[in-house]
Amino acid sequence: MAADGAPQVTEPEETEVSEAQIAVHWREEELYRPPPKFIGQANASDPAIRARFTEEHFPDCFKEYADLLTWDQYWHTTLDTSNPPFWRWFVGGRLNACYNCVDRHLETRPNQAALIWVPEPESEATHAITYRELYRRVNEFAALLEGFCGLKAGDRITFHMPMVPELPIAMLACARLGIIHSQVFGGFSGAACGGRIADSGSTVLVTIDGYYRNGELIDHKVKADEAVKRAHEEGMDVDKVLVFRRHAGQYASTTPMVDGRDYFVDDVMPEYAGKVVPPVSMPAEAPLFIMYSSGTTGRPKGCQHSTGGYLSYVAGTSKFYQDIHPEDTYWCAADIGWITGHSYIVYGPLALGTTSVMYEGVPTYPDPGRPWRIAERLGVNIFHTAPTTIRMLRKVGPDEPLKYDYHFKHMTTVGEPIEPGVWRWYYDVVGKGEAAIVDTWWQTENGGFLGSTLPALEPMKPGSCGPGVLGIYPVIYDENGEEVPAGSGKAGNICIRNPWPGIFQTIWGDPERFVSTYYEKYCRNKDSTDWHDWPYFANDGAMQAADGYFRILGRVDDVINVAGHRLGTKELESASVLVEEVAEAAAVPVVDELRGRAVEMYISLKPGVDPKSGIEDKVAAAIESEIGKVARPKNVWIVPDMPKTRSGKIMRRVIAGISNFTDVGDITTLANPEVVDEIRVHVEKEKVARGEAPRELTEAEIEEIKKFGQAE
Ligand code: WT7
């Protein structure tokens, strides 16, 4: 039904545009060439690499990635497509992931730091763990898992750990034995962890008594009790809870250790001190780990990743896209609780034998100079983070990077679309104009990067991830499966036409959901064993410029339908941050009698900006001029801070709930729950005064608001 009562936006041809074909209003950005100094030393500096990965060389091109690893037994079949879409890579091959990340570096660089751990309190010393030391600690923990917990290849174990070195050590110990690890983000609740324990069928939970965040020693063990309880309610009993201690000999939690269930690792460890456990030679197709996909509503999906395909893919992309050399000091400021940390803090960098930095705490603690002090002190030359962190650092310390003497050769942005203005600050100020930037688009499900420029060979374009990476052939389809051509100015659903080694194997325990979520939509023939008939549907909207570069618009339902015009939240937000005073922006839908939905913008301001200077009007004007009158927001709300998850994602459903006078839902996973009431009181009061309190909403409308920005 056309709900458009506003005469100025009536454009008849719009009704003929299919769902996926959102017209995208975004001006083309200028290209940036990679710095010559970077090109001179890059792993991928010969343009011939592109030719080696074209479709005619698929799937054998991925031998180049697999050959970065040490195999116990070479594979006989590169890609087996006999049971689509359950692809099998490097079939017949055997290897051990821990051996590849640890043992094999002992001969060449035993005394090089494998991990450098930076505790949050600056008074605490930084720890460097050499490859030799890592080998010792991984073996001891593996001996404990085997001897004390009785775990063996194929069993599952859940970690609920913060950013401490015990986490990668425990992961590698599992990999050594073929035990499937499932790390749950430390910031998640005990209940969330318990649900994942039950889903994965883990009998052992590994946790820690406490850790530092924003200057506070947080009681973490308390969550383990809640997790075990929830897992039990869901039918899974945990036998043992292994508890690391943040400070030796102390206990940071107030909860009692449960007799016969909870054990301090340092109490049990002496029996396993000095023990060496041989790495178990695993089939390439054996699962290495499960990673539950992000999202705070809906049943989490346990993405199951393989050993051989996954490790090959993260090693290859770490080499050519992160440009990691063993001599580099690489810092990925993500959390190991997310796939980024698994692939690009632990497995990829360590497979290549480099030094990987881990930081325990909040990037702005105790001040916004912290990341740059860490970089200066450790000589970090590769830096990897997310737009939300970049925006935050720009907001609170726009000139901080200039005060520190560090030099990045390479920087990454990942996780969400980056606004061109934010990209430019990253390039000019953080990178000091010396670093190549890669904007890497991918997902928990994918194992590694899908879209990015090759840093020495392909120019950067702010706001675009670039082309498909080596051996990845993306395509944009509309709702009917018709290809949306490059340069058409239309967006659609981005898909990957081919399988690749890093793709997840299935959803743990739910193969039907795996097929229906990712393959059903664009499958051409369910009986076909030809991979060409099974494109992978990423559930992301995207558009492709004439030069082949992709711009990712976010999950397909992060779209606000105003009078038949589908507006990407990112477009609206990018337009808003063009206003000089604006630091961050979030767009949400509000139920509107005339237009179906209207747009409301929430913005936070840069420090020192007076909120009473007509900024709302400037934001509305910027949106109007960038996108069109149809997108003009009904209201622009200036807020002290956006409600955000601990991982930094703006919780649009919370502000959408406020705008629509509906329930904001569960806010326990927020980093700053206190801000919610403050915003709600202000917005509701204003709306009532403006006569905007909405009618009673329908069930479907409430559901839509509740789910907004929460795509599966
Ligand atoms: C979703 C995946 C895999 C890294 C961490 C997030 C969005 C990811 C980009 C990018 C634009 C991006 C997509 C994707 N996304 N990277 N460079 N540009 N959007 O993993 O939690 O599984 O989220 O994040 O919407 O589907 P995730």
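Let's start with Asp-323, which sits in the loop between helix H10 (308–320) and S16. This is a predicted model, and in it Asp-323 has a positive phi of about 55° even though it isn't a glycine. Is Asp-323 buried or exposed? With a relative accessibility of 0%, Asp-323 counts as buried, because the cut-off for that is under 20%.

Lys-432 also has a positive phi of about 55° without being a glycine. You'll find Lys-432 in the loop between helix H14 (420–430) and strand S20 (436–440). Its relative accessible area is 23%, so Lys-432 is partly exposed.

Now follow the chain to strand S17 (residues 355–359), where five of five residues are buried. One side carries Thr-355, Val-357 and Tyr-359, the other Ser-356 and Met-358, and both faces are covered.

Which strands does S17 pair with? Strand S4 (residues 113–118) runs parallel to S17 and is joined to it by four bridges, with Trp-117 partnering Met-358. Strand S16 (residues 329–332) is also parallel to S17, over three bridges, and there Trp-331 partners Val-357.

| Cis peptide bond | Omega | Where the proline sits |
|---|---|---|
| Pro-84 to Pro-85 | about -5° | Pro-85: loop between strand S1 (77–80) and strand S2 (88–91) |
| Tyr-365 to Pro-366 | near -5° | Pro-366: loop between S17 and helix H12 (370–378) |

Methods:
Residues are numbered from 1 along each chain as its sequence is written. This is a predicted model: local features need pLDDT of at least 70, side-chain atom pairs count only at pLDDT 80 or more; totals for chains, interfaces and linings use all residues. Side-chain values use heavy atoms; hydrogens and water are left out. Buried means under 20% relative accessible area, exposed over 50%, partly exposed in between (1.4 Å probe, protein chains only). Helices (H or I, at least four residues) and strands (E, at least two) are DSSP runs, numbered from the N terminus. Two strands pair if DSSP finds at least two bridges between them.
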